[in-house]
Amino acid sequence: MATLEISSLRKRFGNLEILKGIDISLEKGGFLVLVGPSGCGKSTLLNTIAGLESISAGEIRIGGEIVNDLHPSKRDIAMVFQSYALYPNMSVAENIGFGMEMRGIAKPDREKAIASVAKTLQIEHLLTRRPSQLSGGQRQRVAMGRALVRQPSVFLFDEPLSNLDAKLRVDMRIEIKRLHQQTGATIVYVTHDQIEAMTLATKIAVLKDGELQQVGTPREIYNAPSNLFVADFMGSPSMNLLEGRVSRADGAPKIVIERGDNSPIVASAPASADASKLADGAKVIFGIRPEAVSDSESIDRNAKSAVKFESKVDIVEPAGSDTFVVIHVAGKELTARMRAETDIRIGESHTFAFNLDKALLFDPQTTRRI
Amino acid sequence: MTTVTAAPTSATVAMRARLQDWLPRLVLAPSFLLVLVFVYGFNLWTVFLSFTGSKAFASTRLIGWANYEKLWNWTFETDPPSNWYTAIVNMGLFGGLYIFFCLFLGLALAILLDQKIRGEGILRPIYLYPLALSFIVTGTAWKLFLDPRIGLEKAVHDWGWTSFHFDWVVNPRMMIYCVAIAGVWQTSGFVMAMFLAGLRGVDGEILKAAQIDGASPYQTYRRIVIPIMRPVFFSALVVLAHMAIKSYDLVLSVTGKNPGGAAELPSTFMYSYTFTRNQMAVGSTSAVIMLMTIAAIMVPYIYSEMREKAR
Amino acid sequence: MSAADLITTTPTREPSRHSLTTRVVIYGLLFLFAFVYLVPLVVMIMTSLKPLDEVTGGNMFALPKHLTFDPWIRAWGEARIGVSDTAGIAVYFWNSIKMVVPAVLISTILGALNGFVLTKWRFPGHKLVFGMMLFACFIPFQSVIIPMAVILGWLGQFGVQLSDSIGFSFGLGNPTVNLVIVHVIYGLGFTTLFFRNYYEAFPTELVKAAMIDGASFFQIFRRVLLPNSTPIFIVTVIYQFTNIWNDFLFGSTYAAGDASPMTVALNNLVNTSTGIVEYNVNMAAAIIAAAPTLFVYIVGGRYFVRGLMAGAVKG
């Protein structure tokens, strides 16, 4: 039995449908990340799970029980907010213990629970301070402490790291991951940062305009995106997308990418694509991630299929650990990720290669992957 | 488009630059000087006067603390009560009631309005419009409203409850309460506006967290929202206290000719002693005492606000 | 969004989570209070439209049986005020206008310039200067009226000397001019406060860009700041207009008699102890006195609230 089950969930606000038929289930101990651009409905979805917002149709089950009509405090959930939402007039200890106070738990039990949580999060020395006296990272820990002490079935995180600076964000991300591994908690986590999604999740749900685009493990989402949106959204730098044409002239389907000022790139259709769906002459979108584009010498040795081509180098971006090279192909800019020591110069012509094992094809009309 | 002009000499350039440097301060200077002279200078002048024996006209004959001693003695003259004693007692009564009820009503109305009700766009302006009125208009309206012969008492009699008495506004002992009623009517809307803005400024996520923690609306207000309102309380308190001490127009218009000085307040005391009784020094002394009281409230407040802004 | 914005805009609705009984209680209380707030004004209006016998003989809550505008006509042109020979409050109404308009304009412009200097041309001690001007807002006027009376007396004498020697006195000694001077000086604290808070939030980069472009102090003020200052101008003008129009203390001290402003005249009218009290005329006069500020409030209510908030909660 899954800890969290969402079935056919819809939410309407007036005439606007904000969530359009969401189906997700999360097993115990799983880490579900809801990811998508601003306005896609991920925070709304989280709020409906919490009970802070109502739903128009569908069911939400936590621990097997339907919770649609239950008050947030009765759903056995705890939430960590983007702005931490700590009660400013209470000390850290009082903040953590407030929920227990509301539930009528006796003072000695409360104090024990607070002490144990404070130890886990290493905030014992902050218990008497007020939120205004804490740093951003400390406040985040207190917010997590308030959630932990509840020992809920499901933890809900609403973009908890967005207010932190870059370095702190990385540190806290690791903390959250460690916490997840230590406690085996079931977590639903909302973020717009796809790196957070990839690093933290056991399951990712990509949302756009209230619709679920794909649900899967990080690897599935990354390597087998179900449509153009997911392919483009996940991964940084984003996937290169080129226009191509199917050619079945000599039996096995090939993808032809025309380059106005150069000879076309002709690649055998990637293994990921369902060859039966490739009609001769059909237009396709050819997708390949920057790390699958390299110079001809450093192609992955395990690659079963590859294609080489010449191109002039447009921009070189040394990024420390890698060097990103931008070249022009068929009117589009293509980013290739190369080793840092690459000896490439702007304006030079160079041989590049596509690792076709990693290439993907998309239907331009339906945007779905072929 | 460039125009060719004769190159200015370095001296004029330097002078012009220095003028531009000083220009801002020159612009500010007149206002600051006016304030310095007409506010601080005049206050010092009044303080000086309080140490003189001025009667109908200002005199420079210093008589030390005699005026202050006089007022100090009058503070304890309770039977028959001296004007100053009455003024202070009334100040306490009026000030206390005024501040308390403005805060209470203001907070209550703000909380009610914050409950996601419809019609706020109509209700809010209704609570606020009395602020636009002059205190004289307010006093005139309430004087009529509370007049026993043509106002409330008469109206209630007409409706059948003939033993209803409400002659406070002509009863010397009760007049000051009428002033308080009119004052609260006028200013509570303002306090409501302050609290409403404060309530709306509470982070929505804190309220969500309270919901998840299982706090009822009552508990949420009592344990979380109202404590967050503390700074607003203080702001409102300071503004109300300052208005209470300064009130003059309101008393005059509600009580008319102030029979027997029953509704005396420090502000009316000052005025009558200075201009009617020709005891300018005593009047100045009372003005200084008013000033000191206000300073005692405002200076720490302004200081703490300025420091916070600097942070 | 500033605090004032939060209170002046009506928020969007998620359905209330209160039970029906709670909501009934809430609405009930709110409407009860709205009633209490409106009743004095309604009574005032009704009384002003009744003949005197209805007022003294009848119930103040009753609608006028014989609606009449006579009290209004009398208030405007005929009522005797104190011991003055002039009849009606019309004269005093215009006195107020003559005083308010220059006072508001001058104090507002000066406040704008001061705010500009205090925020964009910081100099050592600017905080102290601002603090001193801020405190000046809160002094009880009682502590300055005596010295001010003396100074105004001197100015009056000086004016007489001037007109004797050069035939022109610049209006010194004229009670209306005196009031304008007084209100400008004691309004400077508030106007400077408003503009200072507003310009504090104004992007300094715009000023710097203009400086690099070679603009002078006044050019920057006129071309960069003023065009973008409309909201705070409206707030300040409304606030000053209301305060100065409603002032009583200064008016009664420095402009007694024929040159009185409206508020003083109203008080004298209402508190005449001779003869019959004409309540209806008094009410009509009160409404006339209140009309300008009420009108400003109705039209610019939003800005009114912002002014209050700026004054008390410092933006």
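**A buried threonine**

Modeller: This is a predicted model. A:T48 counts as buried, because its relative accessibility is 1% and buried means under 20%. A:T48 is placed in helix 1 (residues 42–50) of chain A.

Colleague: Which residues is A:T48 in contact with, leaving aside its neighbours within four places in sequence?

Modeller: A:T48 is in contact with A:L9, A:K11, A:L19, A:E53, A:S54, A:I55, A:I60 and A:R75.

Colleague: How should I read strand 6 of chain A, and which way do its residues point?

Modeller: One looks at the two sides of the strand in turn. In strand 6 (residues 77–80) of chain A, A:I77 and A:M79 point one way, while A:A78 and A:V80 point the other way, and all are buried. Strand 6 runs parallel to strand 7 (residues 154–158) of chain A, and four bridges join the two. A:A78, for instance, has A:F155 of strand 7 as its bridge partner.

Colleague: Which residues are buried in helix 2 of chain B?

Modeller: In helix 2 (residues 66–75) of chain B, the residues B:N67, B:Y68, B:L71, B:W74 and B:T75 are buried. They lie on the same side of the helix, because they cover an arc of only 125° around the axis. The face turned away from this buried side carries B:E69 and B:W72, which are exposed.

Colleague: Which residues make the nonpolar surface patch in chain C?

Modeller: C:V25, C:L29, C:L32, C:F35 and C:V36 make a patch of about 450 Å². One of these, C:L32, is found in helix 2 (residues 20–48) of chain C. C:L32 is partly exposed, with a relative accessible area of 49%.

How values were computed. Residues are numbered from 1 along each chain as its sequence is written. Chains are lettered from A and ligands numbered from 1 in the order in which they are written. This is a predicted model: local features need pLDDT of at least 70, side-chain atom pairs count only at pLDDT 80 or more; totals for chains, interfaces and linings use all residues. Side-chain values use heavy atoms; hydrogens and water are left out. Buried means under 20% relative accessible area, exposed over 50%, partly exposed in between (1.4 Å probe, protein chains only). The arc is that of the directions from the helix axis to the C-beta atoms. Patches are made of residues with over 30% relative accessible area and no salt bridge: like charges are joined within 9 Å, nonpolar side chains (Val, Leu, Ile, Met, Phe, Trp, Tyr) within 5 Å. Accessible areas come from the Shrake-Rupley method with a 1.4 Å probe; for residues, only the protein chains shown count as cover. A salt bridge is a side-chain nitrogen of Lys or Arg within 4 Å of a carboxyl oxygen of Asp or Glu. Two strands pair if DSSP finds at least two bridges between them. Contact means heavy atoms within 4.5 Å.
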